[in-house]
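Colleague: Can you take me through this one? I'd like the overall picture and then the details.

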Amino acid sequence: MINNNRLQAHGAILLANTIFGLGVPVTKLLLDDWVSPMTYMATRSLGAAIVFWIIASLMKPERVERRDLVVIMLGGLMGFVVSQTLTAWSLDYTSPVYFSLIATLTPVAVMLMAALFIGERITGIKFLGVLLGIAGAVLMVVMGQTSGNGSNDLLGIILAILSVLTWAIYMIITRKVAQKYSPVTQMKYVFLISAIVTVPIAWPELADQRLYSAATFGWDGALEMAFIVLMATVLGYFLIPFAMRWLSATTVSIYTNLQPMVASFVAIIIGQDRLTWDKPVAALLVLLSAYIVTVVSSGDESRKTAKKTK
């Protein structure tokens, strides 16, 4: 039976990925109409940093060891600045549906990064899962070149793959730290370093952004950005380290599969994309890939472990 903490952790990561799925088409709206990718990132970073530091000031201070602080900040650079900047650039070139389908490969990416960084063995069944995931990605690339709706679907898909890989690295390197400190403590440092990096880069172009110009400002753009900052950044990134205190990185990554369902449904409903035959096929391949890498291979390894202990 799942204990209460693990049940809450599952609920947290479920909610986080639902929000992230909604955030994909909302981000596309912002990038198409209101801000550049770097201004989008700087706004997210600075807004989240302010919110988390305000919350932290109302809580009992938590001392963070210097070595752990370095890990948290490096994780923040990989998991937010690099990964989410790649996400913004990807959505500038391809559709929300293609991006969210690539995001479904997160469990595969976590497995590969775990093998690379912590020496986790890749079994035959896991290798099959990787091949299916690659097949799904290749199908998206091929069809994106001929019938995609984005301005450069190939480039967008490549950037999405890089975003997923850097996110996987973030989950691997911050796993132990996430178990030691509260989500607020972790996130206040993650977004502090993120703001320090992104705001100076975006500052020169700020006056040219429609969202920040008095002549072109619109409340719909402001509400979209508020959703991204408060929900898809503050709440979403609060829930992830909370879940990782009780769940493995691979288990957390399984819930990424919810994102394409939410993002694709919303994107097609609001006319950002259209449903073509390749999208359900690619979705089937990458979801089957994630299922094999996480559920099937984990069950196989558990059975082998049980036999050895008899």
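Surface, fold and salt bridges

Modeller: The protein chain exposes about 14,300 Å², and carbon and sulfur atoms supply 69% of that area. Keep in mind that this is a predicted model.

Colleague: What share of the residues counts as buried?

Modeller: Of the 310 residues in the protein chain, 52% count as buried.

Colleague: And how many helices and strands are there?

Modeller: The protein chain has 13 helices and zero strands. Along the sequence the pattern reads α-α-α-α-α-α-α-α-α-α-α-α-α.

Colleague: What part of the contacts with a separation of 6 or more comes from residues 24 or more positions apart?

Modeller: Such residues account for 90% of those contacts in the protein chain.

Colleague: Pick a helix pair. At what angle do H2 and H9 pack?

Modeller: Helix H2, residues 37-57, and helix H9, residues 183-202, pack at about 145°, and their axes are 7 Å apart. H2 passes H9 in a left-handed crossing.

Colleague: Which residues make the contact?

Modeller: From H2 they include Met38, Met41, Leu46, Phe52, Trp53 and Ile55. H9 contributes, among others, Val184, Met187, Lys188, Tyr189, Phe191, Leu192 and Ile201.

Colleague: How do the residues of that contact divide into nonpolar, polar and charged?

Modeller: The contact of H2 with H9 has 19 nonpolar residues, four polar and one charged.

Colleague: Switching to charges. How many salt bridges does a search of the whole structure find?

Modeller: The search finds three. One of them joins the side chains of Lys28 and Asp32, at 3.9 Å from N to O.

Colleague: Where do Lys28 and Asp32 sit relative to each other?

Modeller: They are both in helix H1, residues 4-33, and because they are four residues apart there, about one helical turn separates them.

Colleague: Is Lys28 buried or exposed?

Modeller: Lys28 counts as buried, at 10% relative accessibility.

Colleague: What about Lys180, which residue does its side chain meet at 3.8 Å?

Modeller: That is Glu65, in a salt bridge with 3.8 Å from N to O. Lys180 lies in the loop between helix H8 (175-178) and H9, and Glu65 in the loop between H2 and helix H3 (66-93), so the pair ties together parts that are 115 residues apart in sequence.

Colleague: Which residue forms a salt bridge with Lys180 at 2.7 Å?

Modeller: Asp68 does, with 2.7 Å between the closest N and O atoms. This pair also links distant parts of the chain, with Lys180 in the loop between H8 and H9 and Asp68 in helix H3, 112 residues apart.

Colleague: So which residues are linked in a network of salt bridges?

Modeller: Glu65, Asp68 and Lys180 are linked in one.

Colleague: Why does Asp68 count as buried?

Modeller: Because its relative accessibility is 7%, and buried means under 20%. Lys180 is partly exposed, with a relative accessible area of 42%. Glu65 is partly exposed too, at 34%.

Colleague: Last one. Leaving aside neighbours within four places in sequence, what is Glu65 in contact with?

Modeller: With those neighbours left aside, Glu65 is in contact with Lys180 and Tyr181.

How values were computed:
Residues are numbered from 1 along each chain as its sequence is written. This is a predicted model: local features need pLDDT of at least 70, side-chain atom pairs count only at pLDDT 80 or more; totals for chains, interfaces and linings use all residues. Side-chain values use heavy atoms; hydrogens and water are left out. Axes are lines fitted to C-alpha atoms, for helices over the stretch in contact, and angles run from 0 to 180 degrees between N-to-C directions. Helices (H or I, at least four residues) and strands (E, at least two) are DSSP runs, numbered from the N terminus. A crossing is left-handed if the near helix is turned anticlockwise from the far one by less than a right angle, and right-handed if clockwise. Contact means heavy atoms within 4.5 Å. Ala, Val, Leu, Ile, Met, Phe, Trp, Tyr, Cys and Pro count as nonpolar, Asp, Glu, Lys and Arg as charged, and the others, Gly among them, as polar. Buried means under 20% relative accessible area, exposed over 50%, partly exposed in between (1.4 Å probe, protein chains only). Accessible areas come from the Shrake-Rupley method with a 1.4 Å probe; for residues, only the protein chains shown count as cover. A salt bridge is a side-chain nitrogen of Lys or Arg within 4 Å of a carboxyl oxygen of Asp or Glu.
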